Every structure is written in structure tokens, then in C-alpha cells.
Amino acid sequence: MSMITFETPAPARPFLRGMSLIELITVIFIGSLLLSMVFLVYTNSSRSLMRQDVVMEQLLNLRGGLASISRDMRIAGNGFSMIGLKKQNQLLQIYNKDDSGAATTWFRYPAVPGGPTTPGVLPVFAVDGDQSPDSITICSLAPDFASPLGALDQDFHSGDTSLRLKPSLSVPTGLDPHELLKPNDYLAIVPPTGDAVLVEAESDATDLETISIKHLPAGGFPNGVGELPAGSEVFNVKSVTLHTYRIDESPATNETFLIMDTIDSSGDIMAEGIEDLQMAYCFGEDDPSNLSKYTNGIDFASLDDTFLRTVRLVMVARTSKPDPYRNSFNRIAALNHTVLASPDAYPRRYLETTVQLRNYFHARSK
């Protein structure tokens, strides 16, 4: 008897329906749209962050540079009246130094119309750049007390290495002599007539009758003065601030900087991206709140009869990078700098402040 075997059939597979061409195109289109939106949001966010970074950097450079000049300007001329300089056009003699601190030459301003023609420093010296950036040199002293250390016991020559004083200042009992004089302090030798001269102490106040000083520049005193006479008073003015602020540009990188020069160094970068510095000046009894009373330069000869009272500072900065949105920006006119180059891709901002000299001299105090 034969047996019939029945096999169970395999279960049928469900029918899998594929995507039509229209559905595929729709999915690709929607996916591309979403990716484009994500990329657009990312790009705009990146550009916005980049712009905020350069703007923050720009503002910090503006504020830092303006604060540095303002701080020096407020103390311009400090200590000058103590050593007998009652007018703002009276010169104080000081020498330049090299990197090691050795004397090189007597300080002299660059030749400008109406400026000093002989060596020496003033509380404020400025050069009006007209259609280019201005520059300004500010000087101040930092005396601790107004009494002189003494008077020269004998004539002082430029080749001498010590000052002999008589009478000298009496040191009170219990007072540390180092508080009166320390090595590297500046001493002002003030003759009865002529310019005061600054020298640097090499010894302390252990013996005020004989003070060792550092070597002066070779070739004698400036202006042909052969000696400073006996009886000239000697003051300890401690330190000297002599800062020149100017704008410098690197042609290779097209970068601009606010630069500070001192008596022993040059080219110190104070702020990056500063492309213009403009100043105006108010004199005498004029109202500094009235902007029409300001002039764009200083007539140094007129300081014999009047005095510099207030300085108006305007500083312009550009960003370190072009605008990420590729916009074009006009340059900023400041005070009498009105002839400007064509627009470019760098956003610009400016800050302005008015600084009153704390040590200006009234004409009636002459």
C-alpha cells in the first residue's frame, strides 16, 4: 500500500512595494532643503560670532589706547612748577638712553613749524597731522616732596660723576635715608637762570653731601651751556614719564597700531587696529564745553601768555578682519582729518573724550 506524502507549502512572502520616482525625488528635495537650512543657520551663526569677536577686540583696543593717553594727559606737567617751570613753554633738559640704560643724546623734538628749536621737553608737545594722524608727547615728574636735597657746593660740569651739595637736607632721626633717594632716581638741577637739567642718581641718600650720578651724554650740556653754577638747587623728582603716542602702519600686512615711544625704547604696541588719532586743544580761560573754542594745533610761542587747559581726543579703530558679510564701509572723519580714502570691507568705530590737565598753569600765576 503506497503512502501519499503531503508537504506543507512555504508561507507566502508579503508583497514589498518599492518607492516611486516621484516619492524619491520628493524625499531628496525635502532632505536637501533641510540640509541647506542647517548649513545656512550654521554659516550665519559663525559669521555673527566672528563679527562679535572682532567688534569686541576693536572696542577693547579703542578703550585701552584712549585710556592710556588720557591717564598720561591728566598728569602732564606734574612736578614742573616745583622746580620753577611756571609756563608751559619752558623746557626741561633730559637725555635719551639705549637698551642698557646708558646715556646717548639730549632729547630733542622733531622740527615742526612753531615748535621748539632747541633740545628739551615740555609738559605737552603735539604735531598736527592735518590729513593724517596726529602725534603727542607727554611729560611728567613724580616727586615725593617739594624740599630740595640741597644746593650745589661747586660748579657742575657735564663730565662730572657726582654732585656735591651744601647745605644738604637734614634726615630726621628714624627716617630711612632710602626714602629720600634711591639709585636710579632722577634729580633735577635747577640753576638760577636757564633750563633745569635732569640726571640719574647712582647712589642712595646715605651721604647727601656727595651723590654719585650716571654718566651724561658726551659733548657738554645742550644749548652750549658749559656748566651749572654753584648754588643751583637739586630736587629729587623720582621718576620721569615721557611718552610719545603715534600711529604706525605695517605695509606688508596693512595693519595699523597705536605706538608708544619712551626715552629708552621705541615702537611699543599699545593697541592694535588703531588707524587714526586726532586732537584739538582749548587754552586759557575758554570754556572747554564749547567745541568752537578748540584749535587743531598748539602755538607754542603763545604759551608764554596763556596755558593749555583741555585736550579733546578722538581715536578711530578698524576691525582686524574684513566683514564676514562682505559689506562695504565708509572711513570715519575725525576733527580736521576729512580727506578720506575710499570705502573698504573693514568696519570702523571711534571713541572720543575730553581730558583736562590737572597741572595746567593759570596766566595769573606767572
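**Questions on a predicted model**

Reply: This is a predicted model. Pro167 lies in strand β8, which spans residues 162-168.

Me: Which residues have the most contacts inside the largest nonpolar core?

Reply: The largest nonpolar core has 52 residues. Those with the most contacts inside this core are Ile83, Leu92, Ile94, Leu198, Leu258 and Ile298.

Me: Which residues does Leu198 touch, not counting residues up to four places away in sequence?

Reply: Leu198 is among the residues with the most contacts inside the largest nonpolar core. With residues up to four places away in sequence not counted, Leu198 touches Leu92, Gln93, Ile94, Tyr95, Leu141, Tyr186, Leu187, Ala188, Val237 and Val240.

Me: How many residues does the second, separate core have?

Reply: Phe156, Leu165, Leu181 and Leu208 are included in this second core, which is separate. Its number of residues is 22.

Me: Which element gives the largest share of the lining of the largest pocket?

Reply: The largest pocket has a volume of about 280 Å³. Its lining receives two or more residues from each of β14 (240-250), β17 (274-283) and β18 (308-318). The largest share is 3 residues, and the element that gives it is β14.

Me: Which of the 18 residues that line the largest pocket are the closest to its centre?

Reply: By class, the lining has 7 nonpolar, 3 polar and 8 charged residues. The residues closest to the centre of the largest pocket are Glu249, Thr256, Glu275, Arg331 and His337.

Me: Is His337 buried or exposed?

Reply: His337 is found in the loop between β18 and β19 (348-356). Not counting residues up to four places away in sequence, His337 touches Asp130, Gln131, Ser132, Asp276 and Gln278. The relative accessible area of His337 is 11%, and buried means under 20%. His337 is therefore buried.

Me: What is the volume of the second largest cavity?

Reply: The structure holds 2 cavities of 30 Å³ or more. The second largest cavity is lined by Gln88, Pro123, Val124, Ile298, Leu303 and Leu308. By class, this lining has 5 nonpolar, 1 polar and no charged residues. The volume of the second largest cavity is about 40 Å³.

Me: Is the pair of Phe107 and Tyr109 stacked or edge-to-face?

Reply: The count of aromatic pairs comes to 6. In the pair of Phe107 and Tyr109, the ring centres are 5.1 Å apart and the planes stand at 85 degrees. Planes over 60 degrees apart count as edge-to-face. The pair of Phe107 and Tyr109 is therefore edge-to-face.

Me: How many residues apart in sequence are the parts that the pair of Phe125 and Phe300 ties together?

Reply: The rings of Phe125 and Phe300 have centres 5.2 Å apart and planes at 20 degrees, so the pair is stacked. Both Phe125 and Phe300 are buried. Phe125 lies in strand β4 (residues 124-127), while Phe300 is in the loop between β17 and β18. The parts that the pair ties together are apart in sequence by 175 residues.

Me: Is Lys214 buried or partly exposed?

Reply: Lys214 lies in the loop between β11 (210-212) and β12 (227-228). Leaving aside neighbours within four places in sequence, Lys214 is in contact with Tyr95, Asn184, Glu200, Ala201 and Glu202. The relative accessible area of Lys214 is 21%, whereas buried means under 20% and exposed over 50%. Lys214 is therefore partly exposed.

Me: What is the phi of Lys238, which is not a glycine?

Reply: Lys238 is placed in strand β13 (residues 233-238). At 12% relative accessibility, Lys238 counts as buried. Although Lys238 is not a glycine, its phi is positive, at about 65 degrees.

Me: What is the phi of Asn254?

Reply: Asn254 is found in the loop between β14 and β15 (255-261). At 34% relative accessibility, Asn254 counts as partly exposed. Its phi is a positive value in a residue other than glycine, near 60 degrees.

How values were computed:
Residues numbered from 1 in each chain as written. Predicted model: local features only at pLDDT ≥ 70, side-chain atom pairs only at ≥ 80, totals over all residues. Heavy atoms only, no water. Core = buried A, V, L, I, M, F, W, Y, C linked by side-chain atoms within 4.5 Å. Buried < 20%, exposed > 50% of the residue type's maximum accessible area, 1.4 Å probe, protein only. Contact = heavy atoms within 4.5 Å. 1 Å grid on protein atoms, 1.4 Å probe; cavity = no way out; pocket = protein on both sides within 12 Å on 5 of 7 lines; lining within 4 Å. Points joined across faces, edges and corners; volume = space filled by probe spheres on them. Helix = DSSP H or I, 4+ residues; strand = E, 2+ residues; numbered from the N terminus. Nonpolar A, V, L, I, M, F, W, Y, C, P; charged D, E, K, R; others polar. Phe/Tyr/Trp six-rings, centres within 6.5 Å; stacked < 30°, edge-to-face > 60°.
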